[in-house]
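Morning, everyone. I will take one chain today and go through it piece by piece. Please have a look at it first.

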Amino acid sequence: MLDYHIHTNMSDDSDTPYTAQAERAIRLGLKEICFTDHHDPDYTDPDFPFLLDFPKYHNMLEEAAERYYKDIIIKRGMELGIQSSCLDKCVDSARNYHYDFIIGSFHMVSGVPVDFKEFYEGKSSLEVQEEYYNYMLECVKEFKDYSVLGHINLVDRYQHLYMPGEPLNPPEVMEIIREVLKIVIYDGKGIEFNTSAFRYRTPVTLPTTEILKMYKELGGEIITLGSDAHTPEYIALNFREAADLIGTLGFRYVCSFTEMQPDFIKVEHL
Ligand SMILES: [Zn+2]
Ligand SMILES: [Zn+2]
């Protein structure tokens with residue numbers, strides 16, 4: 001198994017040192033992990049600026065890889081928050097240092113965090129979903145410096161919280177998602193299966209089976225597995241279920257990344 005979405009205390013929302021994350025992964029027998037700490041240029045929540053200290057971060061990545069090289073492969077990653085207002089900053093952040101893997105995530109839409117109630121107020125659920133995916137669509141048309149899109153349907157988690165019972169991914173919205181996925185595939189990028197949905201008790205998986213099926217039908221093959229663990233107990237949690245689900249849907253591989261290039265690992269070998 002390999003976990004391609006792990007945070008450390010270099011992220012504003014985690015207090016876990018990299019040693020605790022790496023040692024948990026080794027105890028679980030994982031072959032490989034990728035640290036993907038948050039960098040969200042122009043994030044508007046003053047309590048969580050989500051800006052990496054890049055020299056410090058890359059020292060940590062190097063130190064971690066060297067310290068544990070006999071037991072586990074540790075890749076250099078980042079979870080980059082994409083916003084249309086700061087695409088230049090996103091490009092600079094992705095290119096200023098070497099990465100093996102970059103998760104492109106949408107944590108904000110038009111300057112409002114997707115987990116804030118404010119994003120949902122005064123809108124129908126259809127308006128919320130259309131706004132979120134149209135924003136993503138406009139960004140992926142421009143921005144190409146990522147490996148996979150992170151938790152593509154993150155909006156479902158918070159819509160479920162603020163607008164319980166309202167439909168998630170209605171047909172009109174699936175058509176916008178189709179346009180996003182077509183660009184992702186055309187650009188040689190991928191998506192992640194993010195198992196945090198299991199612990200957040202989100203009513204759907206991230207992505208949903210419908211989105212996964214659509215991605216597969218469109219020819220998408222690049223998919224990574226990520227726990228989004230901010231603490232050690234969540235590393236690789238529910239990965240068996242995740243691998244079984246994507247295998248059932250016809251995906252033959254999950255990917256690892258080196259220098260931003262995917263390697264394909266057979267699902268049955270996980
Ligand atoms: Zn995220
Ligand atoms: Zn994350």
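Which residues point one way from β8, and which point the other way? Gly-190, Glu-192 and Asn-194 go to one side, while Ile-191 and Phe-193 go to the other. Every one of these is buried. Please keep in mind that this is a predicted model.

β8 covers residues 190-194. Because 5 of its 5 residues are buried, β8 is largely enclosed by the rest of the structure.

Now its neighbours. On one hand there is β9, which pairs with β8 in the parallel sense over 4 bridges. In that pairing, Phe-193 stands opposite Leu-225 of β9, and Asn-194 has Gly-226 as its bridge partner. On the other hand there is β7, residues 148-149, which is also parallel to β8, over 2 bridges. There, Val-148 stands opposite Gly-190 of β8.

These strands belong to an open sheet. How many strands does the open sheet have, and in what order? There are 7, and the order reads β1-β2-β3-β4-β7-β8-β9, with parallel pairing. Its edge strands are β1, residues 2-6, and β9, residues 223-226, and each of these pairs on one side only.

The partner of β1 is β2, residues 32-39, and the two run parallel over 3 bridges. Within that pair, Ile-6 is bridged to Phe-35 of β2.

Next, the helices. Two packed helices are described by the angle between their axes and the distance between the axes. Take α4, residues 125-142, and α6, residues 171-186: they pack at an angle of about 15°, and their axes are 9 Å apart. Angles under 35 degrees count as roughly parallel, and α4 and α6 are therefore roughly parallel to each other. Their crossing is left-handed. Among the residues that meet are Leu-126, Tyr-133, Leu-137 and Val-140 on the α4 side, with Val-173, Ile-176, Val-180 and Ile-183 among those on the α6 side.

Some backbone details now. Where is the cis peptide bond? It joins Leu-206 and Pro-207, with omega at about -5°. Pro-207 sits in the loop between α7, residues 196-200, and α8, residues 209-217.

Phe-50 has a phi near 50° and lies in the loop between β2 and α2, residues 54-67. Ala-236 has a phi of about 55° and lies in the loop between β9 and α9, residues 239-248.

Buried or partly exposed: how do Phe-50 and Ala-236 count? The cut-off for buried is 20 or more other C-beta atoms within 10 Å. Phe-50 has 19 such atoms within 10 Å, so this residue is partly exposed. Ala-236 has 22 C-beta neighbours inside 10 Å and therefore counts as buried.

Last, the chain as a whole. Its secondary structure comes to 9 helices and 11 strands. The C-alpha atoms fill a box of roughly 50 × 40 × 35 Å along the principal axes. For 270 residues, a compact globule would have a radius of gyration near 18 Å, and the chain has 17 Å, which agrees. Of those 270 residues, 46% count as buried. Finally, among contacts between residues at least 6 apart in sequence, 78% join residues at least 24 apart.

Methods
Residues numbered from 1 in each chain as written. Chains lettered and ligands numbered in written order. Predicted model: local features only at pLDDT ≥ 70, side-chain atom pairs only at ≥ 80, totals over all residues. Pairing = 2+ DSSP bridges. Buried ≥ 20, exposed ≤ 12 C-beta atoms within 10 Å, placed from the backbone. Rg over C-alpha atoms; globule rule 2.2 N^0.38 Å. Contact = placed C-beta atoms within 7 Å. Axes fitted to C-alpha atoms, helices over the stretch in contact; angles between N-to-C directions. Parallel < 35°, antiparallel > 145°, perpendicular 65-115°, else oblique. Left-handed = near helix turned anticlockwise from the far one by under 90°.
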